[in-house]
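Please look at the sequence and the model side by side before reading on. The text below goes through a few of the helices in turn.

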Amino acid sequence: MLNTYLELIRIRFLMMLAYRVNYYSGMIIYSLNIGVYYFLWMAIYGENSTVNGTTAVQMATYVAVAWMSRAFYFNNLDREIAEEIRDGTVAVQLIRPYHYLLVKCFQGLGEGLFRLLLFSVPGLVIVSLVFPIHLPTDAGRWLGFVISLIFAFVINSQINVLTGLMAFFILNNTGLIRAKRVLVDLLSGLIIPIHFFPEWAGRVLSYLPFQGISYVPSTILSRGLPMEELFRYLGIQLLWGILLWIPIQLLWMTARRRLIVQGG
Amino acid sequence: MFHVKLFFHYFMQYLKIRMAYRSDFLVQLATDLLFQAVNLVFILVVFSHTTELSGWTREEVIFIYGYFLVPFSFFSAFFNLWDFNERYIIKGELDRVLTRPAHSLYQVILETMTPESLTGAVTGFMVMGWAVKEMEVDFSWYDPFLFILFVAGGAAIYAGIYILLTSISLYSDSKTDIQPIMYNVGNYGRYPINVYNRVIQLVLTWVIPFAFVGFYPASFLLDKERWMTFALLTPLVGAVWLMLGVAVWNRGIRNYRGAGN
């Protein structure tokens, strides 16, 4: 059974390799985004070396790591699921002997791994040459980062699956998908690290799953956290990873019962 | 006159489509607002940690962003050329357009327009209004006229650049991803340009002139001393880019062979 899913990763990986043009343009777009936020944050720092307990170098590292991580955890599962629901191909998927949502997630993982290996890793090396960023050298922090990055992928995919499944209930959910993307970029700490938000907003965000998508992995690598903090954050991510399965299962069960293929 | 009437007919047709799916329409408005709000939140959060951004106060940066939304809304209402390659070249819709007696680009624009994006301009005015209320700005009698000229220039820059990029599809039917790249470059124009390093400033001014869309004119409206020459160049730069875009388009149309048989 596991072999089936591993094969899915491989196929998606090869598919991405076949459409390399998308990959080059993605690389440029990510560099542009790193650039604009790098310069904006450096302008905010101005003469100060520390703002809000974060040094300029840490901030630059945060921006670079956050965007490079996004290349890994980002996927279009929401759009893919919604499209398959709308054009009815989901009906075919449902009679196949695998778990449809898991298949989707593993395809997303194949895509993420492709971008991680061919984009994030070389990208981070290039960025560290161009911009004054500082990456840690001790293995412990990298290990923590890798684990939290995997959780980030899980949580982000779960939120995407939830958004995509809404297409069973709202026939046209492109608006919802777009809104979700914008909100996730803001609330996950990609654009603004969460501890820069006003206190009340930070407290609200600490009760939401989004922090696990970008803030946690990027913080681990850029600022470094004491061991117990690190475990606490990984625990929060794990908790959300488990909790989010509940609404997905509920939605999935109700959705399958009321599936109407349009024009079918 | 013919073209004006055509616009009116297309517009009525579009309204009918939109009214058939009213909830979609509302969702679209809501997500547009959300998108604009997120950028404002960024500016507000940033200024809770600093009093100035390379010499610009919070209200000034917000004014520049509000101003940017106005030309940008014209661009997003009338230049949705994102899937031009897919829809007009690969599916062959352009052949239909070419058999009709109105300018091809004009038809494509009418067929892909989303006039509801103009609500972005309303948001822009509200944002600018708030910023002006918080500052003391002396507006002259000629500022409204300059404003219209600047907005037209800014929208023309965006239009020219995107028409140019879309025209690439007329020469080669393979897909390019330059448009989304350019879209991200455009985001640089929302903030004061002296935030960036010199190379980027030069590029944004002379190569891909997005600084003329938001920053130069907006800062001139705030303070006549600053960036005056650049701001006054805005309509000219817009005219040059628009003409360039249309010229490349026209040449491309003459060159166009169709993707199928």
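What follows is an account of some helices in a predicted model.

Start with helix α2 of chain A, which covers residues 20-45. At 1.5 Å a residue, its 26 residues should span 38 Å, and the end C-alpha atoms are 37 Å apart, so the span agrees with expectation. Its buried residues are A:Y30, A:I34, A:G35, A:V36, A:Y37, A:Y38, A:F39, A:L40, A:W41, A:A43 and A:I44. Within chain A, these buried residues pack against β1 (50-51), α3 (56-73) and α6 (100-130); they also pack against α2 (22-46) of chain B. Just after α2(A) comes A:G46, with a positive phi of about 55 degrees.

Chain B can be read against its record. An unreviewed UniProt entry places the feature "transmembrane region" at several stretches of chain B, including residues 25-50 and 62-84. In the model, residues 25-50 of chain B are 85% helix and 0% strand, with end C-alpha atoms 38 Å apart. Residues 62-84 of chain B are 78% helix and 0% strand, and there the end C-alpha atoms are 34 Å apart.

Now return to chain A for a pair of helices. Two packed helices are described by the angle between their axes and the distance between the axes. The axes of α7 (residues 139-165) and α11 (residues 227-243) of chain A come within 9 Å and cross at roughly 25 degrees. Angles under 35 degrees count as roughly parallel, so α7(A) is roughly parallel to α11(A). The crossing is left-handed. On the α7(A) side, the contact is made by A:G144, A:I147, A:S148, A:F151, A:V154 and A:I155. From α11(A), the contributing residues include A:L230, A:Y233, A:L234 and A:Q237.

Methods. Residues numbered from 1 in each chain as written. Chains lettered and ligands numbered in written order. Predicted model: local features only at pLDDT ≥ 70, side-chain atom pairs only at ≥ 80, totals over all residues. Helix = DSSP H or I, 4+ residues; strand = E, 2+ residues; numbered from the N terminus. Expected span 1.5 Å × (residues − 1). Buried ≥ 20, exposed ≤ 12 C-beta atoms within 10 Å, placed from the backbone. Contact = placed C-beta atoms within 7 Å. UniProt positions renumbered as here; feature names shortened; annotations may be inferred. Axes fitted to C-alpha atoms, helices over the stretch in contact; angles between N-to-C directions. Parallel < 35°, antiparallel > 145°, perpendicular 65-115°, else oblique. Left-handed = near helix turned anticlockwise from the far one by under 90°.
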